[in-house]
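Hi there,

Here is the structure I promised to send over.

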Amino acid sequence: MYDGRTLSVPLAYFPRLRKANKEQLERYEISGGGIGLHWDDLDEDISVPGLLLGNGDLTSHNKNL
């Protein structure tokens, strides 16, 4: 449910987004039934629940699995 809150997270948490240009950043989709963000051009997916838990980029963690 949308309640009007705004969530702000430093781009430093997401290196792919930090390196992207303005046009790439603007090409995103709301995913996961409204709980995620997806940048196809950047191969980046962000979970809003994950952000609320303080999770940043987990790419390096997933490589170790």
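The protein has an accessible surface of about 5300 Å², and 52% of that belongs to carbon and sulfur atoms (Shrake-Rupley method, 1.4 Å probe). Please keep in mind that this is a predicted model, where local features need pLDDT of at least 70, side-chain atom pairs count only at pLDDT 80 or more, and totals for chains, interfaces and linings use all residues. Residues are numbered from 1 along each chain as its sequence is written, and side-chain values use heavy atoms, with hydrogens and water left out.

On the fold: there are four helices and three strands, in the order α-α-β-β-β-α-α along the sequence. These are DSSP runs numbered from the N terminus, with helices being H or I of at least four residues and strands E of at least two. Of the 65 residues, 17% are buried, meaning under 20% relative accessible area with a 1.4 Å probe and protein chains only.

His38 is buried, because its relative accessible area is 16%. Its side chain makes a polar contact of 2.6 Å with that of Asp45 (N or O atoms within 3.5 Å, one able to donate a hydrogen and the other to accept it; residues adjacent in sequence count only if both atoms are side-chain atoms). Leaving out residues up to four places away in sequence, His38 touches Arg27, Tyr28, Glu29, Ser31, Glu44 and Asp45, where contact means heavy atoms within 4.5 Å.

Best wishes

Notes. Buried < 20%, exposed > 50% of the residue type's maximum accessible area, 1.4 Å probe, protein only.
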